[in-house]
Amino acid sequence: MTAYLIRRLAQLVPVLIVVSMVLFALLRLLPGDPTTEILGQEASEADRAALRADLGLDDPVWLQYLNWTGGALTGDLGRSWLTNEPVGAVILDRLPATVELGLIAIVLTVLIGLPAGIIAAVRSRTKTDAVMTTASVFALSTPHFYLAALLILVFGLWLRILPPSGYVPFTEDPLQNLLHMVLPAITIGSTIIAVIMRQTRGSLLAALGEDYVRTARASGLAQRRIVTVYALRNAVVPVVTVAALQIGALMSATVVTEAVFTVPGMGTLIVNAIFSRDLPIVQGAVLVVVVFVLLVNLLADLVYARLDPRITY
Amino acid sequence: MSLLRVTDLAVSFAGRPGQDPVRVVDGVDLHLDAGETLAVVGESGSGKTVTALSLLGLNPASPTCTTTGSVLVDGTEVVGLDERQWQRVRGSTVAMVFQDPSAALNPLLTIGTQIADAVRAHEPMSREQARRRAVEALDLARMPNPQGRLGQYAHELSGGMRQRAAIALAIAARPRLLIADEPTTALDVAVQAEIMGMLGSLCTDLDMGLILITHDLGVVAGHADRVAVMYAGRLVETGAAATVLGDPRMPYTQSLLAATPRVDGPARQRLTAIGGRPPNPRERPEGCPFQPRCPVAVERCSTTRPVRVDLGLGHSAACLLVEQRPSIEPPAVAIHSGPAAGAEVLAQFDDVSLSYPMRGGLLRRVTGHVHAVRGVSLSVARGRTVALVGESGSGKTSLTKMLLRLEKPDQGTVLYDGIDVTRPDRDQLRTLQRDVQVVFQNPYASLDPRMRVRELLAEPMKVHGLDTDEAELVRLLREVGLDAGALTRYPTAFSGGQRQRIAIARALALRPKLIVCDEAVSALDVSVQAQVLNLLADLQQQHGLAYLFITHDLAVVRSVAHDIAVMRDGQVVEAGPAEEIYQDPKHDYTRSLLAMAPGHPTAPQRSTA
Ligand SMILES: Nc1ncnc2c1ncn2[C@@H]1O[C@H](COP(=O)(O)OP(=O)(O)O)[C@@H](O)[C@H]1O
Ligand code: SF4
Ligand SMILES: [Mg+2]
C-alpha cells in the first residue's frame, strides 16, 4: 500500500513537468502584450521596455520557465503583474469559495445522485424510473450558463427566496454564506448528479442480474441486504471511476458558474487573469487545479482498490 | 413422506408483447427421499435449470413467468408462496449450488462473510457463532484449512476450492434438499471426481436429498440412485440409475448413451451422434417431441404425444413403442485407422521450455518466473491425432502456443515440416500461417460477432490470395455440415455446436495440414460433441489432417486419439500410442487420471464388430 502510494506519487512528477511546460508555453503564445494591459495603451515605449526587463520578459522562454518552476518548488509562485501581490496569497484568498462550492456539489451528488440511481434501478421500468431518467436527460442537456440564468430568474428575482448572486465569506455570516452557495452549487452539481444517477442505475441493474446475486437470493437473504451489500458495493466500483472522470467537467462548470454568480473563487480568478494577461496568476491557479485533479484521480484509484480486493497495488 | 414431491409442474414464460406464452417445463413429476440422489439429465435447453429454480421460487416473477402444479417440500406446498415466505424456504429447506463457481460467489465479499450471512438469514446469532458455523460448513465441504478461508475472496481460490466454498455456502443453513446444477462442468477432471464424491457423502452424512443436474450421463453412474431424463421440457424416462442406464427404454435416453464417449469403450470408435437439435420451445411438434430426431419413429409418433408408461419398479418411459422395446441400432463403425505409428513427422517439439515472468515490488520488476513448460519433447505425425491430456495449468496450451508462434520458447526448438518455427523466413511464415490452424474451446469468443459467416470464412483466404468465390465458401460450409444459407448470417444466429462448426470451417479454409484443437469440444453438449468429434474424424480421413487435441476428458481422448501425451506441471510424464496407455499406463499420474475419469455406464455394451 505505502509502496503503491509512493510509486503513484512518483509517477505524478513527470506528468506535472509536462503539464507545466505546456501551460507555460501556451500562455506565452497568447496574443497581445502584457505591458499594454498593465500600463495601458498610452504608456511610452521606454516605460514598457523597463517593465519588460523588470518582469523578466526579455529572458529566453526556457529561462523564464526555469525561474518560475524553481520558485514554485520553494513555494513561491511569483507575484501578480497587475497588483504585485504574491500569487500564493491571491490563490489562498480565492480557494475557500471554490472548495466550498465543490464540496456542496459533491454532498448534493451523494445525497441526490446515488439514492436516485438506486431507486431507479430497484424500481426499474416503472413510472418512478421513467421520471428520474427523463429528469437526468434534462440535467445533462442543459448548459450550465443557461441553468444558472434560469435559477437566478426563478429563485432570485421572481420568488426572491435566495440571493441571485454574490458571496459572503463563511466566517462573516455562515447562514448568508450558505444561502449564497445554494444556486451555484445546484448549477455545478446538475451534470455530475445526473451522470452519477445514470451510472448508479446502470451498474446496479447489471449487478442485480449477476449470478452472485442469484446465489444470495438462493440462500434466503432479504432483498434489502441483497441490494445494499451484495449488489450496491459491486455497482459502486464503476461509479467511482466515472465520478473521477467528471472532475475535469466539474472544473469547467465551476469557471462558468462562478462568473455568472460573481463568486470570487478560482474560476473567476483564472478568467479575469487571462483577460488581463496576468500570467503568473493564471499559471499558479491552473497549476493548483491540475494538482488537485491529479490527486482526485489518485484518490479514486485508492478507493477503487479498497473496494475491489481483486486489484492489487 | 417424501422429502420432495413434484406433481405436474409446468413453467411458462411470457413472450414479447403479442406473443403467446411459451411452456418450457411441462408435466414434470419428481420425488425424492432424504439421503437420496436424483440425477436430472438432458441436453441444454431441456428445462433442467428452470425446473430447479422453480423449487426455490427463483424464476422471474409473474407475469413474466407462471408456475403451476404442485411442489411439496417436507409435505408443505411451495408453489404460490410470496417472496417473504420463499425467503424462509431458500437456504434453510432447499438450497442450490450453481454451475459456475467463479460467477456465483460475490467477488467483493469474503467467503466468511457470505457464508455467515447465509446462516444469519435464518438463525439469529452472534458474529462469532456465525463464523463457527461457516468454518463447520467449509469443513463439511472438505475445504482444506477452513479457518483460513474465512478472510479470503473468491479470486484467491482455485476453481475446485471456489466450488467447495459455494457448496459450503449452500449447506451452511442446513437445508434438507440440495440442488446442484452442473456443479462440475466448469472444473478439471481430477477436481470433478472429488467434488462429486464429496457431494455424495454430504448427503449421506447430513441425511440430505440431492438433485444433481447434468448433461453428462457419464457422471450419473456411481453418483445417483435414480435418474430423470428430460427432453424439451418434459420428463421422458425415469427410474433407478442402474435400470435407466442398463435398460433404457426411451430412444432419446438410448441416443444420449450412445453419444457419450466412454473410457472403457472401444478405441477410436465413431460415436452415435443424435442428428438435429432439440425443438425450439415455440415449435414443439404435436406428437412426440423427439420424433424429428428419433431413428425408430413410426408414423403415429408425429400425431400422438406419448405419456409416461409405468414399467414397474419405478421405471417409466414416454414412448409409443415402449412395449415393443425400441432400440436404436448403434452403427459400430470404427474410425479408419489412419497412417501407422511411425508415419512422417509433421511437427516436432524438441526439449522446449517456456516460462512467464512474474512481476512485483515497487518498480514492477520481474521477480521470478512461472515455468509453464519444462523440457518437453513431442512429435505429431502426418494424418494422426495426438491427444494432450492434463489438468488445467499443466502447460498444454502453453506448449501449443509455441507452435502457433504466440510465444517463443526459452529453450529448445519447435520444427514444423522442417521449418524452425521460431525463425521462419517470409515464405516459411506463409506456409506456417496456412498449414497450422487452431480451434478454441469457446466458439462464442473466437468468432467476431460483427462479421457475417461469409466474411469470417473469406478473410483468411483473401490474406493468402485464395479464391473466395461463392462455390468455394459453400463447399467449405458443406464440409462441416452447414448449408449455403449460413453465409449471410452472423455468428449469434447459431447454436454452440454450429458456431464450433463455423470455427472449424474457418480453420479449414486455408487447407491446413495440422489443426490444434484446444478443448474444442469441452463446452458442448454430448449429442453435439459427438457430431463435432465425428466431423473432425471425417475431415481427418478426407484431408489427411493431423490434430493436436488438447482436452481434459479422457473419454473423449479414447474416441479420437492415436497417440497420447500426459502432461503435468509443465512436463510430459508419459507418451505413446493410445492403446498402450489405456491398457498399461506406466506412470502413477496416468493411472490416477484414468481411475478418476467419471465412472461410465456399465451397459449397454455397444458391439465392436
Ligand atoms: N428467464 C427466461 N425467460 C425466457 N425463457 C427462458 C428463461 N429461462 C429459461 N428459458 C427457456 O427455458 C428453456 C429451458 O431452459 P433451461 O431450464 O435453462 O434448460 P437447461 O437447464 O436444461 O439447459 C429454454 O428454452 C430457455 O430458453
Ligand atoms: S414416441 Fe416415437 S418418436 Fe417418440 S421416442 Fe418413441 S418411437 Fe421415437
Ligand atoms: Mg441449465
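Ligand 1 is surrounded by B:Phe13, B:Val24, B:Glu43, B:Ser44, B:Gly45, B:Ser46, B:Gly47, B:Lys48, B:Thr49, B:Val50, B:Pro60 and B:Pro281 (a residue counts as near if one of its heavy atoms lies within 4 Å). The model is predicted: local features need pLDDT of at least 70, side-chain atom pairs count only at pLDDT 80 or more, and totals for chains, interfaces and linings use all residues. Residues are numbered from 1 along each chain as its sequence is written, chains are lettered from A and ligands numbered from 1 in the order written, and side-chain values use heavy atoms, without hydrogens and water.

Helix H1 of chain B (residues 48–54) gives the most to this shell, with three residues. Helices are DSSP runs of H or I with at least four residues, and strands are E runs of at least two, numbered from the N terminus. A polar side-chain atom of B:Thr49 lies 2.6 Å from an oxygen atom of ligand 1. Backbone polar atoms also approach ligand oxygens: B:Gly45 at 2.7 Å and B:Lys48 at 2.8 Å. Taken alone, ligand 1 exposes 560 Å², of which the protein buries 63% (Shrake-Rupley method, 1.4 Å probe).

In chain A, the unreviewed UniProt entry lists residues 95–300 as "domain: ABC transmembrane type-1"; such annotations may be inferred rather than shown by experiment. Over residues 95–300 the chain is 83% helix and 0% strand, with the end C-alpha atoms 22 Å apart.

A:Leu26 lies in helix H1 of chain A, residues 2–28. A:Leu26 has a relative accessible area of 52% and is therefore exposed (exposed means over 50%, buried under 20%, partly exposed in between; 1.4 Å probe, protein chains only).

Methods:
A polar contact is a pair of N or O atoms within 3.5 Å; within protein, one must be able to donate a hydrogen and the other to accept it, and residues adjacent in sequence count only if both atoms are side-chain atoms.
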